Amino acid sequence: MASKRNEKVDEFIQALPEDIKEMTESLRGVIHEANENMNEEIKWNMPCFSTGNTNICYLQPAKKHVNLGFYSGAMLQDKDNILEGEGKKMRHIRIKKMEDVQQEKMKALIEEAIEYEA
């Protein structure tokens, strides 16, 4: 898993406030657990995750929350109804505290997003 981590993403996360950093790092771990071949880089001033040349998801830290966003979220089944957003394609999950990190549900959505983009 560590081989796919990017130093620029490490630096980005280290600069965040402690509570936001903890949530962001936890979500990053969930993403890498969902697919060990996930690439990460800083795009659009946030950590973005892709397989090959296809963007899958992103982490968007804010002052009081972190969004786990999906580039094709509107196309996902979202059987647990945890995605938010009204856009034509993108959806996100807003994480306000560590207890909001639902690893298994999030991994399922990440896996579904990868499958959708394949």
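Modeller: Two terms come first: contact means heavy atoms within 4.5 Å, and axes are lines fitted to C-alpha atoms (for helices over the stretch in contact), with angles running from 0 to 180 degrees between N-to-C directions. Helices (H or I, at least four residues) and strands (E, at least two) are DSSP runs, numbered from the N terminus. This is a predicted model, in which local features need pLDDT of at least 70 and side-chain atom pairs count only at pLDDT 80 or more, while totals for chains, interfaces and linings use all residues. Residues are numbered from 1 along each chain as its sequence is written, and side-chain values use heavy atoms, leaving out hydrogens and water.

Colleague: What is the mean pLDDT of the protein chain?

Modeller: The term pLDDT stands for the predictor's confidence in each residue, from 0 to 100. Across the protein chain, 97% of the residues reach 70 or more, and the mean pLDDT is 93.

Colleague: Which residue in the turn between S1 and S2 has a positive phi?

Modeller: S1 and S2 pair in the antiparallel sense over 5 bridges, with glutamate 40 standing opposite phenylalanine 49 in S2. The two strands form a hairpin with 2 residues between them, and the positive phi in the turn, about 55°, belongs to tryptophan 44.

Colleague: Over how many bridges do S2 and S3 pair?

Modeller: S2 and S3 also form a hairpin with 2 residues between them, where glycine 52 in the turn has a positive phi of about 60°. Partners in S3 include asparagine 55 for serine 50, and tyrosine 58 for cysteine 48. S2 and strand S3 (residues 54-61) pair in the antiparallel sense, and the count of bridges is 4.

Colleague: How many residues apart are tryptophan 44 and tyrosine 71, which link distant parts of the chain?

Modeller: Rings of Phe, Tyr and Trp (its six-membered ring) pair if their centres lie within 6.5 Å, and planes under 30 degrees apart count as stacked, over 60 as edge-to-face and the rest as tilted. This rule gives 2 aromatic pairs. The rings of tryptophan 44 and tyrosine 71 have centres 6.1 Å apart and planes at 55°, so this pair is tilted. Tryptophan 44 sits in the loop between strands S1 (39-43) and S2 (46-51), and tyrosine 71 in the loop between strands S4 (66-70) and S5 (91-95), at a separation of 27 residues.

Colleague: Is tryptophan 44 buried or exposed?

Modeller: Buried means under 20% relative accessible area, exposed over 50%, and partly exposed in between (1.4 Å probe, protein chains only). Ring pairs link Trp44, Tyr58 and Tyr71 into a cluster, in which tyrosine 71, at 12%, counts as buried. Tryptophan 44 has a relative accessible area of 57%, so this residue is exposed.

Colleague: How far from the sulfur of cysteine 48 is the nearest cysteine sulfur?

Modeller: A disulfide is a pair of cysteine sulfur atoms within 2.5 Å, and the structure holds 0 of them. Cysteine 48 is in no disulfide, and the nearest cysteine sulfur, that of cysteine 57, lies at 8.7 Å.

Colleague: Which residues does lysine 107 touch, not counting those up to four places away in sequence?

Modeller: Lysine 107 lies in helix H3 (residues 103-117). Its relative accessible area is 14%, so lysine 107 is buried. With residues up to four places away in sequence not counted, lysine 107 touches Val30, Glu33 and Ala34.

Colleague: How far apart in space are methionine 23 and asparagine 35?

Modeller: Methionine 23 is found in helix H2 and is buried, with a relative accessible area of 2%. Leaving aside neighbours within four places in sequence, methionine 23 is in contact with Val66, Ile95, Lys96, Lys97 and Met98. Methionine 23 and asparagine 35 are 12 residues apart in sequence, and their C-alpha to C-alpha separation in space is 19 Å.

Terms used: Two strands pair if DSSP finds at least two bridges between them.
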